[in-house]
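Student: Could you take me through one part of this model up close, starting from a single side chain and its surroundings? After that, I'd like to hear how the rest of the picture connects to it.

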Amino acid sequence: MASASSSSPPTLGIAVVGCGIIGSAVADALLNESALFKHRAGVTLQLRHVVEKDTEKALRAKIPQQILSDSIAPVLKDKRTQVVVELIGGLEPARTFVLQALKAGKHVVTANKYLLATHGVEIAEAARKAKRCVQFEASCGGAIPIVAALSESLLANDITRVVGIVNGTCNYILTQMTQHGQTYVAALAGAQAAGFAERDPTFDVNGTDSAHKLAILSSLAFGVEVPLNRIEVTGIDKLSDVDLKFAKEFGYVCKLLAIGEKTDGNLSLRVHPTFVSQDRLLANVHGSFNAISVTGHAAGETTYVGRGAGGKPTSSAVLADIIDIALGTAPLLFGRLPLLIGKPNVNIRFLPGSQVVSRNYLRVTAFDVPGVMAHITNILSRNNISLAGVNQHESKAGHPVPIIITTHESKDGDVSAAIKAIDQLKTITGNTVRIRVLA
């Protein structure tokens, strides 16, 4: 942080690396809203550099040519630039730029969840060695101040559960399918047209993006380093609108949830489509909005809702991090708290996926012949699965019919074994569909 007398606000020199949707929004705010930041926080933020390989794109975003460069080298040499904001995404060259900036004595702000989930420990250790900080509020929930909540506001809590809708693309798609009856393909095309989905949406729809965010949130919430291979991941790309219609019939809404739960020192981490009761708050978060619920032993359940994507909302979180650095609070907290820790927490064990307990929705497609239900319920019983409800619509005798089964809480391993046995019955056609139900 730049030094300042008591009579003048601190001044911070900033470099923005990457001039995409978020980068251009951050740069625009720094260029045009300095009076607001000075009034609200008593700080002066000076945009000194914008680094963008495609300089023509940056010029179209109205970046002044005198602060524009296609190289990070001028930033690293500039002693009056104290903060580097990395907004290019991906692993490389983002990782290299961040490490170079820290080595050069700059603080770093990033929205790059992929980078932090993969190299967060390395980056945090480099920051501590350089006596600098890394801020990443924008990495997990757009405008939602969830990192601040977990690393500051809820510090007095033993956190036992984090559940969230953390991908705006998937939430938009599921909203269109549920409320407007669109197919998955049509809803995805709409998300891309609206700017909520990338041209290649794979990381969003297969659950990878949500897993990256869950790794970061779980590190903060549970004080443990989270390897990505510890997270069980299922996306929405294989969902059928048939199951979403049945969900609505039974009073549920489907959401892609990122879930971290700690029970008796056992931590389970998973991302998957989940049926949520219509009367719960998470079920009523629609479109590109995100929502994250945190349960602590003292505070109970607190829920944070806001826009999870877009230039303006995400730039709000980036700018808040910059202001925290200017005020000196961010370096102090980063230095004293075990954020993005590198040492394993010996008091926490990762629970195998087969041992995770949840309620379930099963759609079994069976020929409507005598005895079929008896065979199915017998298999479920042998695998310690208790039924909560069974529903079968009328059909012509001898024709395939969907049988909808909901279960009480059961171990995932038992449910998987039961599904395998059910699908081997001669009266069953197709594979049984299984979707978890939020308890």
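Tutor: Leaving out residues up to four places away in sequence, His 212 touches Lys 113, Tyr 114, Ala 117, Phe 203 and Leu 228. Keep in mind that this is a predicted model. His 212 sits in helix α12, which covers residues 208–222. Is His 212 buried or exposed? It counts as buried, because its relative accessibility is 4% and the cut-off for buried is under 20%.

The largest nonpolar core has 108 residues, and within it Leu 45 and Ile 146 touch the most other members. Helix α12 gives the most to this core, with 8 residues. As background, nonpolar side chains tend to be buried together in soluble globular proteins.

Now look at Leu 45. Setting aside neighbours within four places in sequence, Leu 45 is in contact with Leu 12, Ile 14, Leu 30 and Phe 37, and also with Ile 322, Ile 323 and Ala 326. There is also a second, separate core of 15 residues, which includes Val 364, Ile 403, Val 415 and Ile 428.

Helix α14 runs over residues 311–327 and helix α15 over residues 329–336. Their axes are 4 Å apart and the packing angle is about 90 degrees, so α14 and α15 are roughly perpendicular to each other. On the α14 side the contact is made by Asp 324, Ile 325 and Leu 327, and on the α15 side by Thr 329, Ala 330 and Pro 331. By type, the residues of this contact divide into 4 nonpolar, 1 polar and 1 charged.

The structure holds 0 disulfides. Take Cys 133: its closest cysteine sulfur is in Cys 140, and at 16 Å that is too far for a bond. A disulfide here needs the two sulfurs within 2.5 Å. Cys 254 is in no disulfide either, with the nearest cysteine sulfur, that of Cys 170, 10 Å away. Both cysteines are tucked inside: Cys 133 is buried at a relative accessible area of 0%, and Cys 254 counts as buried at 2% relative accessibility.

Last stop, the backbone. Most residues other than glycine have a negative phi, and most peptide bonds are trans. A cis peptide bond joins Glu 92 and Pro 93, with omega about 10 degrees. Pro 93 lies in the loop between β4 (83–86) and α5 (94–103).

Then there are two positive phi values to check. Lys 62, which isn't a glycine, has a phi near 65 degrees. You'll find Lys 62 in the loop between α3 (55–60) and β3 (68–69), and at 72% relative accessibility it counts as exposed. Asn 384 isn't a glycine either, yet its phi is positive at about 65 degrees. Its loop runs between α16 (372–382) and β15 (387–392), and Asn 384 counts as exposed, at 59% relative accessibility. So go back to where we began for the contrast: His 212 is buried, whereas Lys 62 is exposed.

Conventions:
Residues numbered from 1 in each chain as written. Predicted model: local features only at pLDDT ≥ 70, side-chain atom pairs only at ≥ 80, totals over all residues. Heavy atoms only, no water. Buried < 20%, exposed > 50% of the residue type's maximum accessible area, 1.4 Å probe, protein only. Contact = heavy atoms within 4.5 Å. Axes fitted to C-alpha atoms, helices over the stretch in contact; angles between N-to-C directions. Parallel < 35°, antiparallel > 145°, perpendicular 65-115°, else oblique. Nonpolar A, V, L, I, M, F, W, Y, C, P; charged D, E, K, R; others polar. Core = buried A, V, L, I, M, F, W, Y, C linked by side-chain atoms within 4.5 Å.
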